[in-house]
Amino acid sequence: MGLALGIDFGTSGARAIAINPDRAIFAQATCTYDRQHPQVWKTSLFSLLEQLPLECRQQITRILINGTSATVLFCDREGEAIAPPLMYNDDRGKAVMPQLQRFAPADHLVLSATSSLAKLFWGLENLSFGDRPIYVLHQADWLASLLHGRLGISDYHNALKLGYDVHNLCYPDWFPKLPATLKLPKIYTPGEAIAPILPDIAQSFSFPSDCLICAGTTDSIAAFIASGASFPGDAVTSLGSTLVLKLLSEIPVNDSCYGIYSHRFGDHYLVGGASNTGGAVLRHFFTDVELDTFSRQINPHQESPLDYYPLLGKGDRFPINDPNLLPRLDPRPDNPVEFLHGLLQAIARIEALGYQRLSELGATPLRRLYTAGGGAKSHTWSQLRQTYLSVPFLTPISPLAAYGSACLALNPI
């Protein structure tokens, strides 16, 4: 086997990483963009390919792309988008919730204003499709089609929010009847080979003619894979603007009250939950320099007497489901080190409660923990978290989703 190329399309830029069969990085490339548009994505994709050294391109035998979850495009038979993409956080689907509620099971994941299925129904009501065939694609699907030339293909990670049944690997019985001209994607296993690269693309960039384009995944799952987590009980906590937990479980857990849902992950399931607490609260009160300086002055082995629940606004869903939950940030000591200590300790408690909640709902108990996101750099915070989470803390192999995509290309789930 030659090199595997993973490509990650995020909210403000894209990255490509090529790895060898031992998963060592051979080459990488990056680009940024300031708007989300298919033409921008296409330009960025080919820019990444062009940046890779010729020696690298000549050895790439598998390519896999990840994209933002539930970013949807409607395309004609030539693959041209007939309208701007509906991004992952676009909530105009709230207008079609009454229609979805008539056929989707109660509390199903698709009953969200930002789900792929909600976006599909919004498109049916608000876009002019006419009598021509229209393909429903996710960001990663469309980008991959530029390389293999086949429309109407997705993977079961991206298709989860379209309503695809990842347990039985089929569209469910309750799925609504759609116009014959609307083409739902055929679903592949993430990492599964779809087709060889188009001959003209191979020639233009000096790829081997038998280089395979693989079914993709979402950006968050690619980041999980990049960590090296692979056994039931392994989890990744992302300490970014919010607190996001992903736990590999032997059984799926889905609970709409807590915003918990499960992706299929081979023979297991990747269970996720997210809290509104996290780095955004910290940056509301401190600069990055202050966070670094003050955290170094905290004694992580000494418990703070402050009992906080740090939020920027009202309400949280996980691990406490209460839309009216108020931020608890008082009393605030005059000493900023003591204040930061209380905040970090509170977020650590919320993280521990999150994994406890997943276990209570039936997920495999937490056994090993990896950390991603900006908060992973804080040694003090890690020590505070270890007080509440009595499991080994492991260093991720890589924090980059593009690396995870390359690993998935090497070893499909």
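Student: Which residues of helix H9 (residues 288-295) are buried?

Tutor: Leu291, Phe294 and Ser295 are the buried residues of helix H9. Buried means under 20% relative accessible area, exposed means over 50%, and partly exposed lies in between (1.4 Å probe, protein chains only). Helices (H or I, at least four residues) and strands (E, at least two) are DSSP runs, numbered from the N terminus. Before we go on, this is a predicted model, in which local features need pLDDT of at least 70, side-chain atom pairs count only at pLDDT 80 or more, and totals for chains, interfaces and linings use all residues. Residues are numbered from 1 along each chain as its sequence is written, and side-chain values use heavy atoms, with hydrogens and water left out.

Student: How do you know that the buried residues of H9 line one face of the helix?

Tutor: Seen down the axis of H9, they fall within an arc of 95°, so they line one face. The arc is that of the directions from the helix axis to the C-beta atoms.

Student: What covers the buried residues of H9?

Tutor: The cover includes helix H8 (279-285), helix H10 (336-360) and helix H11 (379-388).

Student: Why does tyrosine 171 count as partly exposed?

Tutor: Its relative accessibility is 24%. Tyrosine 171 sits in the loop between strand E7 (153-155) and strand E8 (182-183).

Student: What does tyrosine 171 touch, leaving out residues up to four places away in sequence?

Tutor: Tyrosine 171 touches Leu162, Tyr164, Leu184, Pro185 and Ile187; contact means heavy atoms within 4.5 Å. Its side chain also reaches the backbone oxygen of proline 185 at 2.7 Å.

Student: Why is the pair of phenylalanine 224 and phenylalanine 265 called edge-to-face?

Tutor: Rings of Phe, Tyr and Trp (its six-membered ring) pair if their centres lie within 6.5 Å; planes under 30 degrees apart count as stacked, over 60 as edge-to-face and the rest as tilted. Here the centres are 5.6 Å apart and the planes are at 80°, so the pair is edge-to-face.

Student: What makes this pair a tie between parts of the chain?

Tutor: Phenylalanine 224 belongs to helix H7 (residues 219-227) and phenylalanine 265 to strand E14 (residues 261-265), so the pair ties together parts 41 residues apart in sequence. Both phenylalanine 224 and phenylalanine 265 are buried.

Student: How many aromatic pairs are there by this rule?

Tutor: The count is 15. One of them joins tryptophan 41 and tryptophan 142, an edge-to-face pair at 6.3 Å centre to centre with 65° between the planes. Tryptophan 41 is in helix H1 and tryptophan 142 in helix H5 (residues 139-148), so this pair ties together parts 101 residues apart in sequence.

Student: How do you know that H5 is mostly covered?

Tutor: Ten of its ten residues are buried.

Student: Which residues touch the most other members of the largest nonpolar core?

Tutor: They are Leu5, Ile7, Phe9, Ile60, Ile63 and Leu147, in a core of 39 residues. Helix H1 (residues 38-51) gives the largest share of this core, six residues. A nonpolar core is a set of buried Ala, Val, Leu, Ile, Met, Phe, Trp, Tyr and Cys residues joined through side-chain atoms within 4.5 Å. A second, separate core has 38 residues, including Leu325 and Leu343.

Notes. Polar contact = N/O pair within 3.5 Å; in protein donor to acceptor, adjacent residues only side chain to side chain.
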